[in-house]
Structures are given as structure tokens and as C-alpha cells.
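Please read them alongside the coordinates.

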Amino acid sequence: MRIQILFILSILTLLSSSTLALPPLHHHPRPHDLSPTRNNNNLPDPYDCEIPATPTTPPLILEFYGYGPPLHQHAVLSCLEQAFADAMTDPSVHRGLMGTEKREYRSTVGGTVHFVVEPDERLTWEMWRQVLVKGFWMDGWDMAREFQFFVLVPGQMEEFAWGWIGM
């Protein structure tokens, strides 16, 4: 728990110097049937997390589906930390389109866990940063479980990215 709090504080510190638009503190677009622990054991399959538009990105949907067995929480956090650090790398390097190269982050804490994203040619780094911050981090619910996800833009027929977290 202490590690999570320290990591979240470090993310918020990084964000304060970035151009990411954060949601209001009361914004939690979650279904009403979540338990008080707010973990994805209780999410519908699929579940759409809405990410509001910013001045530089369209509204996005992070769709979670295909939940699997539990994973070591610290390993999942480590993978997400790596993805976030990669996305926050020097903006002159990670500006514009993300490209279609598969990105994989791995942790061996408590067993090997992989976090993989395969972006479409339309996904930008700014869109991916919004997904990481508002979809994976800002909701405060436990992601320590295998799952797959799509990044979608409302009204578009095809996904902008596909990915998974698992062993």
C-alpha cells in the first residue's frame, strides 16, 4: 500500500509539469454495482471506461474484457509504471503518432507479468498518456488480474489499440 501511495504521488508530481488534463476528483465513470473494494472482479465483461476529450485528444473509451486469474499486484504496478515512464519520456521523442510497434513491459515480481499494447497507426502518444493516466491510474481500483483491453474512439468502427496484462 505504501509503495502504491508513493508511486501515485510521483505520478501526480510528473503530471503537474505535463500537459495532461486530469478529470475532476469526483469523476468516476463506473457502474453502480462495484463493491467497496472497487476491483475488476466485479466489472461487467466487457466494461467501458470513458475518458473525456482534452484540447489535444478526442474522447476515448478504454474497454476491458476477458478477465482471467489474479496476478501479483506489485508486478502489475511495475508493468504500468514502466509503460507510464515510457509514455512520459522526452516529449520531443514521444510526440505525434505512436507507430504500430508492439510495446511490451515486463515484471518478475511474484511471477512474470507482461503488459502489452499494440497500437494502430492512428494512436498518438498524447492519447496513450490519457489512457494510462485516466483509465489505468486515476480510478483507484485494483487491476491485479489478467485482462485484455481495446482503446476506442466513440463513433469509430475499429480500435486504436489492443493490449493485455497477464502471464
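**Notes on the predicted model**

1. Strands E1 (residues 47-51) and E2 run antiparallel and are joined by five bridges. Within this pairing, Asp-48 stands opposite Glu-63 of E2. Strands are DSSP runs (E, at least two residues) and helices likewise (H or I, at least four), numbered from the N terminus; two strands pair if DSSP finds at least two bridges between them.

2. The model is predicted: local features need pLDDT of at least 70, side-chain atom pairs count only at pLDDT 80 or more, and totals for chains, interfaces and linings use all residues. Residues are numbered from 1 along each chain as its sequence is written, and side-chain values use heavy atoms, without hydrogens and water.

3. E2 also pairs with strand E5 (residues 147-152), antiparallel, over five bridges. Here Leu-62 is opposite Val-151.

4. Six of the six residues of E2 (residues 60-65) are buried, so the strand is largely enclosed by the rest of the structure. Buried means under 20% relative accessible area, exposed over 50%, partly exposed in between (1.4 Å probe, protein chains only). Leu-60, Leu-62 and Phe-64 cover one side, and Ile-61, Glu-63 and Tyr-65 the other.

5. Three salt bridges are present, each a Lys or Arg side-chain nitrogen within 4 Å of an Asp or Glu carboxyl oxygen. One of them joins Asp-86 and Arg-103 at 2.8 Å, N to O. Asp-86 lies in helix H2 (residues 73-87) and Arg-103 in strand E3 (residues 103-107), 17 residues apart.

6. Arg-122 and Asp-120 form another, at 2.7 Å; Arg-122 is partly exposed at 27%, whereas Asp-120 is buried at 15%.
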